[in-house]
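Here is a brisk report on one protein model. Keep the structure open beside the text while you read.

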Amino acid sequence: MLPSSEHPQARSGRVVVIGGGIAGLAAAHRLATSGARVTLLEATDRLGGKLRAGEIAGAPVDLGAESMLARRPEAVALARAVGLGDRLRAPATTTASVWTRDALRPMPKGHVMGVPGSPDALSGLLSAEGIARIGRERELPPAELGDDVAVGGFVAERLGREVVDRLVEPLLGGVYAGDAYRISMRAAVPALFDAARAAGGNLLDGVREVQRRAAERQDTGPVFMGLDGGIGTFPPAVADAVRAAGGEILTGTPVLGLTHGTDGWRIRTDERELTADGIVLATPAWSASALLADAAPAAAAELARVEYASMALVTLAFRSADTAALPAGSGFLVPPVDGRTIKASTFSAQKWGWVADSAPGLFLLRTSVGRYGEEEQLDREDDDLVAASLKDLSEATGLSARPVATEVTRWIGGLPQYPVGHLDRVARIRDAVAALPGLRVCGAAYDGVGIPACIGSGRRAADEIVATAPLVQGTVRDGRE
């Protein structure tokens, strides 16, 4: 719990958080530890959203997100606040490859989301002409980025299409399951956008500036962190901390409608009606749009335009003795231009020490399938997705063994897309919502799809709720009424 000098402490007022993903849980935790009376409503029977713990062949495994960015502080800080500090783990290896041009090739160092700072160490990944094209960027005239630009189009213009197709696309695809030629550079790679704009559009100079700033900050710790037992254990720990602080959590409780009157907000579920002074709406954009259709039609219309991509994770358990063909490292990415089914594979047993320790004699790995515009992949039967994954794994690594267990997890509409203009849309949504007394929105659709970004979004929404009337009545700031 943060001291009162860091955020306000509410002593009265009820807040309802709608949505039990990590953003909603983070908002509920922030509110409950600030002293507000909190009720969290989750439509499904499970908390955590895309953070999901599971099991395969008797071994624990993540069936959703399996790591969190450690260079942003929000996720690691919340994990420590809810008692998981001693279970934070850095990856055992971060060495990854790119499966392209029919071979596994080392992922080069010194890039920013696949955009290189120089043409060095790209042999094999790119053709000789593609490498030479990077070196000719300084011959190009300055470029005006304007308010926003698509990552793929701008990088292709400055460094050549090969950089996009074989480096940027697989990395952005792993984060957003999206199309680099649609994704907003300002939203997805803001540090590079700002640095490149300051450098007159020169991307190589922009990458070096981002790296220089990182060196100044002495970003020497792990880039990513996981949890012993899996990231899927994070949501239950946050939920337990919310309950310990006096909060109420109800699962299997979809919200059917919201109305605002002189006595505050009314939240209608299929079993009862709740009243609240504040609401944090932490649902996907389409759900938020439906709930705000009457109260904030302008925000609802913008939210309805947010598109989502679907994907599937195929988790495979092999006998360790059968996996000698697998290379060292954490796994590999697959550029869509190569026409494979899978877009990545993570060698979980090599990436995370806790996975290897919890499954002696087994080797766990997973593949991911599905990008924006490839929803038909999710219509395939489980056995078909497993077979396609095994075929690609065999061609990439030589692995010929049959798994002893498999698990297919579909995330339908799991990843919001951030096209050019996304941040302007978010600003319009927040401006429209700000006119509603005591209501804020948060989640992956707004400020970033990663775990720290979602937690930061939830904390921001909670702090703004506490700071607005009528919750400001009876609120303590720095020990003063």
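The model is predicted.

Start with strand E8, residues 96-100. Four of its five residues are buried, so the strand is largely enclosed by the rest of the structure.

E8 pairs with strand E19 (residues 331-333) in the parallel sense, over three bridges. Within that pairing, Ala-96 stands opposite Gly-331.

E8 also pairs with strand E9, residues 103-106. Here the two strands run antiparallel, joined by four bridges. Ser-97 has Pro-106 of E9 as its bridge partner. E8 and E9 form a hairpin, with two residues between them. Arg-101 sits in the turn and has a positive phi of about 50°.

## A three-strand open sheet

Three strands form an open sheet in the order E6-E12-E7, and the pairing is antiparallel. Strands E6 (68-69) and E7 (88-89) stand at the edges. Each has a single partner strand, so one side of each is left without a neighbour in the sheet.

Two bridges join E6 to strand E12 (residues 224-227) in the antiparallel sense. Leu-69 is bridged to Phe-224 of E12.

## Helix H8

Helix H8 covers residues 203-216.

The buried residues of H8 are Leu-203, Leu-204, Gly-206, Val-207 and Val-210. Seen down the helix axis, the buried residues fall within an arc of 165°, so they line one face. They pack against strands E10 (111-112) and E11 (115-116), and against helices H3 (128-135), H4 (151-159), H6 (185-188) and H7 (190-198). The face turned away from the buried side carries the exposed residues Ala-215 and Glu-216.

Now the ends. Asn-202 caps the N-terminal end of H8: one of its side-chain oxygens lies 3.2 Å from the backbone nitrogen of Leu-204. After the helix comes Gln-218, with a positive phi near 55°.

## Two single residues

Is Ser-310 buried or exposed? Ser-310 has 7% relative accessibility; the cut-off for buried is under 20%, so it counts as buried. Ser-310 lies in strand E18, residues 308-319. Its side chain reaches the backbone nitrogen of Gly-413 at 2.7 Å. Leaving out residues up to four places away in sequence, Ser-310 touches Gly-370, Arg-371, Glu-375, Leu-378, Trp-411, Ile-412, Gly-413 and Gly-414.

Ala-304 belongs to helix H11, residues 297-304. With a relative accessible area of 53%, Ala-304 is exposed. Ala-304 and Ala-434 are 130 residues apart in sequence and 18 Å apart in space, C-alpha to C-alpha.

## Salt bridges

Side chains of opposite charge can pair when their charged atoms come close. The model has 34 salt bridges.

| Pair | N to O distance |
|---|---|
| Glu-209 and Arg-212 | 2.6 Å |
| Glu-248 and Arg-272 | 3.5 Å |
| Glu-464 and Arg-460 | 3.2 Å |

Take Glu-209 and Arg-212. Both are in helix H8, and being three residues apart they are separated by about one helical turn. Glu-209 is partly exposed, with a relative accessible area of 22%. Arg-212 is also partly exposed, at 39%.

Glu-464 and Arg-460 are four residues apart in helix H16 (residues 451-466), and so are separated by about one helical turn. Glu-464 is partly exposed at 27% relative accessibility. Arg-460 is partly exposed at 39%.

Which parts of the chain does the salt bridge of Glu-248 and Arg-272 link? The pair forms a salt bridge and links distant parts of the chain, 24 residues apart. Glu-248 is in strand E13 (residues 248-250), while Arg-272 is in the loop between strand E15 (264-269) and strand E16 (273-276). Glu-248 is partly exposed, with a relative accessible area of 30%. Arg-272 is partly exposed, with 39%.

Finally, a network of salt bridges links Asp-102, Arg-340, Lys-391 and Glu-395.

Key:
Residues numbered from 1 in each chain as written. Predicted model: local features only at pLDDT ≥ 70, side-chain atom pairs only at ≥ 80, totals over all residues. Heavy atoms only, no water. Buried < 20%, exposed > 50% of the residue type's maximum accessible area, 1.4 Å probe, protein only. Pairing = 2+ DSSP bridges. Polar contact = N/O pair within 3.5 Å; in protein donor to acceptor, adjacent residues only side chain to side chain. Contact = heavy atoms within 4.5 Å. Expected span 1.5 Å × (residues − 1). Arc of directions from axis to C-beta. Salt bridge = Lys/Arg side-chain N within 4 Å of Asp/Glu carboxyl O.
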